[in-house]
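I opened this model to look up two things.

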Amino acid sequence: MNPLEVHVVGGGLAGSEVVFYLASRGHTVFLHEMRPKKMTEVHKTSFFSELVCSNSFKSMDLTNAEGLLKAEMQLLGSVNLKCAYENRIPAGKALAVDREKFSKCVTEEILKTGVKVIREEITEIDPKDGEIWVIATGPATSDKLAEFLKKLTGTEHMFFFDAAAPIVEKDSIDMDKAFIADRYGKGTGDHINCPLTEEEYDKFWHELVNAEVIPMEDFDKKLLFERCKPVEDIARSGKDALRYGPMKPVGLIDPKTGREPFAVVQLRKDNIEGTLYNIVGFQTRLKWGEQKRVFRMIPCLRNAEFARYGVVHRNIYINAPAVLDPYLRLKQNPKIFFAGQIVGVEGYMESAAAGLYVAFNIDRILNRKDPLTFPRNTMIGALLYYITEGVRGNLRPMYANFGLLPKLTQRAKSKYERRKKLSMRAIENMKKFLRGAI
Ligand SMILES: Cc1cc2nc3c(=O)[nH]c(=O)nc-3n(C[C@H](O)[C@H](O)[C@H](O)COP(=O)(O)OP(=O)(O)OC[C@H]3O[C@@H](n4cnc5c(N)ncnc54)[C@H](O)[C@@H]3O)c2cc1C
């Protein structure tokens, strides 16, 4: 039997997109949202698309990955963007909103579609014939549902904490100051090593221990394991602690000197294409501006472009490469989709974009067409490819960045020209793709 009803769990940034897209196209949609009956630790209202922290959707500029993401979402008819533009407040090149008016607007737009809203906590999911379910319950998924999802996906595929090191674009690493080698020569040359002299290390250590950090909530502290201790905390335990931890030089010979350096920062490939590298062992709670300032003191990273900054915080997400197919459906049960931050994207707009992608494919399925992946050279296509197939090693939540996109065939004169060209190519491809697909 073909599915006739869509049930969406969670009316956040992602769920709102799914519901609006499908209900506006005449499909029967139910939205199950537990607020205000049961609140999360971070939400305060009963509105859909509530912004739990900043009121900014970041840049609108096409030389910024977030700007490109928005341009693509607009082509898909994003309800979050529509309401954001209607309730915008001045913030330079960024799209900032009056948070209350924004969420009210999304709520009204959704209610206008005729969607059936049920205010209840969903604790288990077992789609009946004729149903598709979308789980869009976000980083603060309720405990009972999280427990159920742990059983559904397998304990090892459900994460409750996100301790991620920064990721840099390969092209921005100064290879004149680095060397490729694996410890004791064991491996396949996957590591780029950034050596530091004693003087460079001392300066770096001093700035690191004094840098500004994001304060840690109590519930975060409870979940912080020794193995994902932030790099600045390791550094604070003693001047040499990093040289015996993530910056240890043993087994690494710098071909320029024929010796082990005083200290080494290792970078490891983060995606299959090798365009992104993560700074091994550098999970951190430093503020983003501080990460840029302090980590650029590492000689081979002095011009580093950060594809994503490091974090250590509570965040519920699933191991998408293991449990989801490229359309964000559960491999073991294609009647269950996931959308939003729970699939391993991070950020308001990224979560919403994942919702649009899922809605686009459910619409196709309801119209008896095969689901499609978005072109890899679009930002949404590249981001979702990364989290379902392209990531190397464990999935760490990812946000939009230019390092995810395949390279241009011609050289660009500057970083800004390169980004603009990448954006133009992405928008053209998205337009072409949608003309044939919707
Ligand atoms: C504390 C915090 C601060 C953040 N700050 C920012 C920021 O400043 N900028 C940024 O870009 N991103 C931020 N994020 C990341 C992320 O982009 C947002 O959390 C975003 O809202 C995720 O969208 P979503 O739709 O996946 O989930 P959400 O927007 O959280 O929506 C999930 C919805 O599901 C509902 N729900 C949960 N469990 C159930 C259940 N069992 N049954 C029914 N309903 C349920 C919730 O009530 C909620 O409405 C932050 C995340 C957190 C946790």
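A polar backbone atom of S54 is 3.1 Å from an oxygen atom of the ligand. The model is predicted, so I noted its limits: local features need pLDDT of at least 70, side-chain atom pairs count only at pLDDT 80 or more, and totals for chains, interfaces and linings use all residues. Numbering runs from 1 along each chain as its sequence is written, and side-chain values use heavy atoms, with hydrogens and water left out.

I then checked the ligand's nitrogen atoms. A polar side-chain atom of S142 lies 2.9 Å from one. A backbone N or O atom of M34 lies 3.3 Å from a nitrogen atom of the ligand. On its own the ligand has 970 Å² of accessible area (Shrake-Rupley, 1.4 Å probe), and the protein covers 88% of that.

Next I looked at the shell (residues with a heavy atom within 4 Å). I found 32 residues around the ligand, with E33, R35, Q341, G347 and Y348 the closest. By class, 12 are nonpolar, 15 polar and five charged.

Last, I turned to helix 5, residues 143-153 (helices are DSSP runs of H or I, at least four residues). Which of its residues are buried, that is, under 20% relative accessible area? They are L145, A146, F148, L149, L152 and T153. G154 follows helix 5, with a positive phi near 100°.

Key
A polar contact is a pair of N or O atoms within 3.5 Å; within protein, one must be able to donate a hydrogen and the other to accept it, and residues adjacent in sequence count only if both atoms are side-chain atoms. Ala, Val, Leu, Ile, Met, Phe, Trp, Tyr, Cys and Pro count as nonpolar, Asp, Glu, Lys and Arg as charged, and the others, Gly among them, as polar. Buried means under 20% relative accessible area, exposed over 50%, partly exposed in between (1.4 Å probe, protein chains only). Helices (H or I, at least four residues) and strands (E, at least two) are DSSP runs, numbered from the N terminus.
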